[in-house]
Structure formats: structure tokens, C-alpha cells
Protein chains: 2
Amino acid sequence: MLHYDLVILGAGSGNMLLSEEFGHLRTAIVEPGRFGGTCLNRGCIPSKMFVVAADAAEDARAARRLGVHASVEHVDWKSVRDRVFDRIDPLHESALEYRRSQGVDVFTEAAHFVAPKVLEVGSERITAETFVVAVGSRPVVPDIPGLDTVAFHTSDTIMRIDDLPASLLVLGGGFIAAEFGHVFQSFGTDVTIVQRGPRLLMAEDEQISQRFTELASRRHRVLLDSEITSVAPEGDGVSARVAGPDGERTVEAGMMLVCVGRRPNTDRLRAADGGLEMDSHGHIVTDGAYRTSVPGVWALGDAVNHFQLKHVANAESRVVRHNILHPQDMRTLPNNVAPHAVFTSPQIASVGLTEQEARRRGVEFVVSVRDYSQTAYGWALEDTTSFVKLLASPADRLLLGAHIIGPQAATLIQPLIQAMSLELTVDRIGHDVMYIHPALTEAVEQALLEL
Amino acid sequence: MLHYDLVILGAGSGNMLLSEEFGHLRTAIVEPGRFGGTCLNRGCIPSKMFVVAADAAEDARAARRLGVHASVEHVDWKSVRDRVFDRIDPLHESALEYRRSQGVDVFTEAAHFVAPKVLEVGSERITAETFVVAVGSRPVVPDIPGLDTVAFHTSDTIMRIDDLPASLLVLGGGFIAAEFGHVFQSFGTDVTIVQRGPRLLMAEDEQISQRFTELASRRHRVLLDSEITSVAPEGDGVSARVAGPDGERTVEAGMMLVCVGRRPNTDRLRAADGGLEMDSHGHIVTDGAYRTSVPGVWALGDAVNHFQLKHVANAESRVVRHNILHPQDMRTLPNNVAPHAVFTSPQIASVGLTEQEARRRGVEFVVSVRDYSQTAYGWALEDTTSFVKLLASPADRLLLGAHIIGPQAATLIQPLIQAMSLELTVDRIGHDVMYIHPALTEAVEQALLEL
């Protein structure tokens, strides 16, 4: 039985927790996958490298509306892929070596709890004063007849394929479907999306979700209120039976991407055997300070909540670091300001309450919606579909939520995140701050002034 | 002699001052040019419509670095131009008719003061209780031998030309040179810039100016520390003698653009005859409330300061409106937060003190510079030249200045403008606010955390 002061399970946001303040401790990291976790290896970072290339291809094709006659001869998939992973893949080894050079033990085998604060890693058993569980999540593979007979992809694998398929069947209508739909369509692949719900991106504000569904339906074949009932191999690809409002149909495609959600890796960790209280979704239950039901065991990231956002997990990691070091002065994270973006086309960014959430919770609100086309820069873009939507509390004039669909959405939203986080009223940020004319930020200004 | 309660000289930002609160007054507007002023007709708005098209052309050509092989077949200048002005030109007539329908008299002849608060417009003489002088500015035409013999352009005329020239000689190295250099080069014209100073965009932070000069020199022929000593016609174009550090040379070009600065239109207004105190640059002197030396005469915009920024003039217009309506509760504008952007390539945005200004004024500061390439989105862009530079006061931890060169600069800077305007410390906006990963805003976050 090995004993440590601190054991960190997961080298994604967990790894970021380690700072020199822990240098005097006997520390281990357990990571059966790769340093950097989902974000660096299979998530945000590589996907954005594909998305930026996809944006470039789509923008070139769309330049004609501006009087610029451009065309895309071809997209060199292998060069995009190799540029991405030649940059990312070496980081695992260097991060691992760096930790070892600091005297941190790194275990690279899978681990699971066998008792509270007792971990089995390969043939070793490990205990520690302090555990931090940051084991992340993985794609859900649904139980569809025949799925095990075809070579389907998830977000874990699809970025590493050798050749672009002529057609792609996407099962799911969330942010991964929206991002990869954009990537593959822009690169020349015909994309079909099968979505169980009535719209794509159902978690977004309804107006955003509705607008995105309309725009995506111009680019892809989007089958709403539909489910795949069975799958079979067909040549090198797949043939799927899809049940929808108009009955059943067959959809054939050269490749299949399954992205119906992610599940926490707490099952593989046997978190329950470690005595950790779990919720019905397999998340470890923590208090606001990220303490679990077992004293000395902390948890963060996808293992504890639905956000699946690297910047949230990083913030949680900083909170946990602080709380371990300062048990007399624990902190929490204000979870109502967890912004996110979907890097699809058009880009989407959001923070705070959606209108449907506000209604469901009975929160009083005023709302404003301003189109990019009502600003000079929106004119210049010949934009007709982008908008900024704001919800504010009529009582204290604070923002409740902000939702943007359109170019630069993930950048445009930052002053609104700042206002929510620092409790600045819409009147102060609307009236007492200048907005450069004619920048895209004027769409935000106008939405604020309309409130 | 006609008498009014209120006369507004200039239908740019002056026109925006009129609100229903003035509805009971006998009001006139004097505008010998076009409603909307420089910004709408000859400035910010049409130029951005050209710039966005130029961005699209340049981005398409640059997509190869991302593995996207695109090309620009041609740019249809006439369609760009007509799209711009078919949209803008009708606005003058409708704005003028709108004012007349409200009972406002509109004079469309040139006007000048003949005595304090006595204006001559055509054959009429006009007096008023209250005058607002918002007559704007116009391009300076320098005194160069031979310039009167060639058909040179200024920013007033170059957007309306019929055909793209094969080559363009730009005299000047400020923001107009930077924006039109980008537009014409992106559209296929060879651009030569002749700049008197050692760098382009000398008013920007030195590091920004230096970086921009390097990048512009890769696209254009940039002649620094140089002056045009004479010009002569050459075919349909011009032949210019240019004196620089390496002696004199001849530069020939199909077209010439003169953009060496702008001068206030106060000379044509004979502002001095109206008893208005002037500064040595021809600006009308006002106090912080925008009152001139003549009681009842207010002035704003390019007629009173060097900003040449529509959003500043609009803010001044709102202050003057308030002050006319509430003489017991006058307001001023905090002039230290006047952000601006240069819509060239790469985009540039700035607010507050530059480093050289801080040094000159003896202001204590700490500085941080973060490259886009240090963020995931910068990676994705394969960006190697863009950065965020921040200056803050070590005493109170408030931002002194922010300077950005790179994609989306004019959008990225908004949370920093917000922080300066509302006096939020760099620690609060760095630590207490989330930045979406992996958005471009992380470059701002990192620069803040480095402070």
C-alpha cells in the first residue's frame, strides 16, 4: 500500500491544480489517458483548429455577396489534421515528463476505488490524505441495434480519420453535432443530422436555437423529431433506419458520428465503492466548496456537473486548490455566470438565463433583441441573420442572460459576462461606456440601450 | 433677418442632437453638404463596407496556411461601390425630408458668421438664441508643386471611382492610408505609401505602430521618412518625385490618394467673425460642457477637437443636448476614455494612454503584452503577429491604456473600455470574470493576469 499526501485523479483540469504551494507534499497523478484531458486531446482545442479552417472555407465561398469572387479548390484534410495533432500530440509526453521531473509520481494505468480513500491502480493500492477526483467524461454510446456492427465515430476519434467522407450521418443535435456539422460541410462532405428533439441546440435560448436550426437546415439535411432505429454496414459506410414524423426512411452515409451526450467517468472509477455520494446522472455530489461526501476527497469538472466547459473546470480547479490550502477560508464559484460558446456557423455564445428558463423559474425579466443588421458593421457584413438578445431584471437592472448568434459571438459577449460577474447594471454599461463606431460591439450597445 | 430659437450648423452629429424635447422650439438646420455628415457619406460607414470586402478577399488568399486552398478570381469594384452607395445615398434625402416634416427649416447653402450669433446663409441672415456648431472637418490638401495639375483623390472621392487602378500612390501614413491601403491592395492594386514619419500610424502605441509598419511593408511598398516634392501628370495617372533617406526617386502610379490629415471647417464658417475663440489648429475653444466663448453658442465634434471619431462626437452631442436642456445641471465627457479602431489589416484598437504618452507624462505604469499565439484560438488561427498590450497603474491597479493589433481587435477591446470607463481594477476583471475557452478573449485574460 502506497501512501501519498495528495493524489489527483485525471490530468486535465486536475493537473492544473498542482502549484508550487504543493511542492513539499508527496504527490501522485493518475491518468490512464493523456495529459491535457479531453479539452486538449479530443475536445475544445483541436476542434477549434478544424473550425477555424472550416470558417475560412465557408467565408471564402460566401464572399461573393460582398462582390469578392472567391472559390475553394479543395481542403487538404490530412494537412489540417496533421497540423492539429503534430502540435498537440507531443504535449502529453512533455507534460508527463515535467511532472515526473518535479518529483510527482505519475500512474498511467486505469484506477478505481476499492474503499473510501483506497484506490487500486494496476496491481498497486494507494491511499492519500487528500484526493482530487477530476476524471472527466466520455461520449455516450447509445443502445441502437446494429451500432456495434459499424465503424462509427465519436468526437474522440473523428478528428483523426485519414480521409474526408463524401457523406456523414450525425446522430445528435447538440454542440458537437453543430460544430462537426459545420466542419465537414465546409470541407465538402454532405452532412445529415438526426435529432430527437424539435430543434438543434435545445439547451440554447429558444430564439437562438430556432435561428440556428433554420440556418443549419440550409446547409445540412436536418431531420428533427427523429431517431435512428437501427444501423447496418453498407459498403465502407453505414445504412441507418430513421424514424421521424413522416414515417421511416433509410439514410446511407460514408461515415457516422455519434454525439448524443457525454457521461462522467465515475463508473469506471467505481466512485460509489469509494464511498462518494452520487447523483442520478453519475455525477459525484459536492458542496459549493467542491467537497464530496468523504472528508479529504474533492471533485471537480465533468465528474461533478453538466457544464462540460474547460473554463468552468479550470475555475473549479482554482477553487479546490485554494480550499485545500486554506481550509479556514473556503471559497465557492458563482455558478450563475458560466458562459459558453458553440463554435459552429454562425458562432453562438451565451451566459446566464435563457428566456425559457426565466419563464420556467418565474423570474421577472425585460428582453431586447437587436440584429447585427441594425448596425453599420452588420451592414458591411451584409448580415441578415445574426442578433444579440439580452434579458435583464426590471427590479435591479442587472443582466440575467445574454445570447448571441453571429460572427464573433464568443468575443462580443465578453463585456456582458463582465457585467454579470461584477454586477454592473445595463444602464451603466450602456450609457457610461463608449462603443467604437462602427464596430460590431454596437449591436451589444443597441441591445443594452433598448433595455 | 430670420430668428430661431435653435440653429444647428451641420447635419452629422449635430442632427442627432435634435430630440422631441426640442419640438416646441423654432429650429433650423444648416447643411450645405449631406445629412449624415462625413461618417455616413464619406467616412466610417462606407469605408467599412469596402474594408469588410477587402478582409474577405485577403482572408480567402490567406486560408492556405490552414489547409484550405482558396483563390480570389476577381473583385467586382463597381458592384462593391454600388452596393455601398445605393444603400447610403438615399438616406440624405429621407433624413432631410424627415426634418422638414417635423417643422424644422433646413438650409442647404453654405453659411458663415458675420457677427456673434449672426449667420449669413445664401442671401438670408439668421440669428438664434442658441447655436450648435457641428460643421465637421475636411481633408487637408497640402501645398505640393504640381498637385493642382493631377486628378488626385481624397477620402471624400476615392470610394466613388469607376474602376480600380493598377497602382495607387498614397500620400500619408495615418489611419486613412492604412485602411485604403488595405482595401486597394486586397482588391489587386499595387499600393505605394509615402510617409513623412519613421513609422505608419504614429499616433498608436509605438509597439503597435512598429508591428503594423512591418506587416504593411510586406504588402505595400512603404517609403518612410519620405516626402513628395512634386507631382506631374503621367498618362492617366501621376508621376511623383519622392525625397527620402536614400535620395530622390520617381514613383509612378495610376492614381493618387492624398490623406495627410483633416482640418476643421471653421474657416469656411468664419467662426472668428462669429466672435468664437479659436485654437492654433482652427478648432473652436470650448469648456468641458461644450460652451464656446460666445454665450448661447455650443460646439462639438471635429470642429472642436482632434478625435475625428463619430462615437465621440455622438457622445458630445448627447452632452450638449443635455446641457442645453438642463443649464442648472451641466455635464461633461470623461475624455480620457475615447477608444478608437483602425479597420485595416490586421485590425487595430486602442483606448487610453500609449506607452510613449505614459512615459512623456511621467505616469507610473506596469505593462503586459500577450500574443494571440499564446492562446488556443490564436493557435487555431495560425496567428504569429497579433498581440494585446495593457498598461495599468501600479498604485490603484486601474487600466491606463489598452492596445490590440490582430483579428477582431475592435471587438476584443470592449471589456477593457468598459473597465476603464467604470474604474474596474485589472484584478477584478482578470480574476473575477470568466473567459470562454477557447475564445480569442483569452488573450485579453492572459494579459490581465500577467499584470
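A residue is called buried when its relative accessible area is under 20%, exposed when over 50%, and partly exposed in between (1.4 Å probe, protein chains only). This is a predicted model, in which local features need pLDDT of at least 70 and side-chain atom pairs count only at pLDDT 80 or more, while totals for chains, interfaces and linings use all residues. Residues are numbered from 1 along each chain as its sequence is written, and chains are lettered from A in the order in which they are written.

Helices (H or I, at least four residues) and strands (E, at least two) are DSSP runs, numbered from the N terminus. Helix H4 of chain B covers residues 175-186. Eleven of the twelve residues of H4(B) are buried, among them B:Phe180, B:His182 and B:Phe184. After H4(B) comes B:Gly188, with a positive phi near 110 degrees.

Chain B also holds an open sheet of three strands in the order S12-S13-S14, with antiparallel pairing; two strands pair if DSSP finds at least two bridges between them. Its edge strands, S12 (227-234) and S14 (247-253), each pair on one side only. Seven bridges join S12(B) to S13(B), residues 237-244; B:Ala232 has B:Ser239 as its bridge partner in S13(B).

In chain A, the domain bounds come from an automatic or database assignment, which gives domain 1 (2-139 + 263-325), domain 2 (147-260) and domain 3 (346-450). The centres of domains 1 and 2 of chain A, taken over C-alpha atoms, are separated by 27 Å. Their contact (heavy atoms within 4.5 Å) takes 22 residues from domain 1 of chain A and 19 residues from domain 2 of chain A.

Definitions and conventions:
Side-chain values use heavy atoms; hydrogens and water are left out. The expected span of a helix is 1.5 Å times one less than its number of residues.
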